[in-house]
Amino acid sequence: MRRAGPVLAGALVLVSGCGLTSGSPMVDDVEPGSIGRGRPLEGAHLTVTSKAFTENLILGAMLGIAFEAAGADVLDRTGIQGSIGGREAIRNGDADAMYEYTGTAWITYQGNSEPITDPRGQWEAVRDADVRNGVTWLPPSRLNNTYALAMNQAAHKKYRTTTLSQVAALSRSDPGAVTLCVEGEFANRADGLPGMQKAYGMGVAASRITQMDTGIIYTETAKGSCTYGEVFTTDGRITSMNLVVMADDRKFFPNYNAAPVINTETFEKWPAIADVIDPVTAKLDNAVARELNAKVDVDGEDPHQVALEWMKEQGFVK
């Protein structure tokens, strides 16, 4: 379910089998702020990677910048298309660190079909399962990039729904009020529309469901072409288009909390990585992600620069 996005300029990555074959050094002129004091990673040569969509590019840049401030030499191999390439690079030691999503690991990599509803429990499960894979999970963020339904302000004022249970109730009491704009994938996934309708007792006729590309959903929802549109909870367009997100009050959708994953051999050699990156992770939530994602996807800024400015604003680096 993770989206593809623009590849960070200057960080072209070629994947041959599971190996990474190119990258570029990070050369940010940063010093320790509240993290990296004493430069505990002095002498380390660390490779950071990421997937190719905006949010993960930003998170990958944050890792690299934190490591630089702590004294490491950092090779930037962010921007790998898809999920498997980055995962395999961490697992086999071609890369040392990236931000991964708990739901992606649990369902896609570890082959489970039923998500764990408690976010901490989901993280603990993927952490424990990945010990045998040579992958170490550090504590997760509150950033949870999962599915949701959203509506524009006019529709919100008219129908006053704030939860999916209320949307389901509206679909039963006033079927004509509920129209949906969704992706084709979401329309057919067990953890998407069919499962959501079943879990909430939501009765929306097929004639009132329109399938379209992801980007169009946001604009059509903002225009009011549909009452509710499928969104990702950390997408910057939620903020820029002033959409109202419905709470998943029955916790149907899987948790996709972002957390740092580190090659275990690297972590055993450089355990200070945890002290360097944990404070950054602790600051990440959906509101932060929406703000930073919007700077890239709406304002056209560079993901690495967005990450650097935020790290400086938070006082992590100077």
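This briefing covers the cores, a helix pair, a sheet and selected residues of one structure. The model is predicted. Its largest nonpolar core has 48 residues, and another core, of 32 residues, lies apart from that one. An open sheet of 5 strands is also present, with mixed pairing.

**Nonpolar cores**

- In soluble globular proteins, nonpolar side chains tend to be buried together.
- Beyond residues up to four places away in sequence, valine 280 touches Ile35, Met62, Tyr99, Trp310, Met311 and Phe316.
- The separate core of 32 residues includes Tyr147, Val167, Ala177 and Phe253.

**Packing of α1 on α13**

- Two packed helices are described by the angle between their axes and the distance between the axes.
- For α1 (residues 54-69) and α13 (residues 286-297), the angle is about 105° and the axes are 9 Å apart.
- Helix α1 is therefore roughly perpendicular to α13, since angles of 65 to 115 degrees fall in that class.
- On the α1 side, the contact is made by Thr54, Glu55, Ile58 and Met62.
- On the α13 side, Ala289, Leu292, Asn293, Val296 and Asp297 take part.
- Sorted by class, the contact has 5 nonpolar, 2 polar and 2 charged residues.

- Strands β10 (209-211) and β12 (244-245) are the edges, each pairing on one side only.
- Strand β8 (residues 147-151) runs antiparallel to β12 and is joined to it by 2 bridges.
- Across this pair, alanine 150 stands opposite valine 245 in β12.
- Helix α9 packs on the sheet and touches β8, β9 (180-182) and β11 (228-232).
- The direction of α9 makes about 135° with that of β11.

**Threonine 221**

- Threonine 221 is located in helix α9 (residues 214-223).
- Threonine 221 counts as buried because its relative accessible area is 0%, and the cut-off for buried is under 20%.
- With neighbours within four places in sequence left aside, threonine 221 contacts Ala150, Met151, Asn152, Cys226, Tyr228, Gly229 and Leu243.

**Buried residues of α4**

- Helix α4 (residues 119-129) has Gly121, Gln122, Trp123, Ala125, Val126 and Ala129 as its buried residues.
- Among the elements that cover these buried residues are α3 (102-109), β7 (135-137) and β13 (258-263).

- Most residues other than glycine have a negative phi.
- Arginine 39 has a positive phi, near 45°, and sits in the loop between β3 (24-25) and β4 (45-51).
- Because its relative accessibility is 32%, arginine 39 counts as partly exposed.
- Asparagine 242 also has a positive phi, of about 60°, and lies in the loop between α10 (236-240) and β12.
- Asparagine 242 has 46% relative accessibility and so counts as partly exposed.

How values were computed:
Residues numbered from 1 in each chain as written. Predicted model: local features only at pLDDT ≥ 70, side-chain atom pairs only at ≥ 80, totals over all residues. Heavy atoms only, no water. Helix = DSSP H or I, 4+ residues; strand = E, 2+ residues; numbered from the N terminus. Buried < 20%, exposed > 50% of the residue type's maximum accessible area, 1.4 Å probe, protein only. Contact = heavy atoms within 4.5 Å. Pairing = 2+ DSSP bridges. Axes fitted to C-alpha atoms, helices over the stretch in contact; angles between N-to-C directions. Parallel < 35°, antiparallel > 145°, perpendicular 65-115°, else oblique. Nonpolar A, V, L, I, M, F, W, Y, C, P; charged D, E, K, R; others polar. Core = buried A, V, L, I, M, F, W, Y, C linked by side-chain atoms within 4.5 Å.
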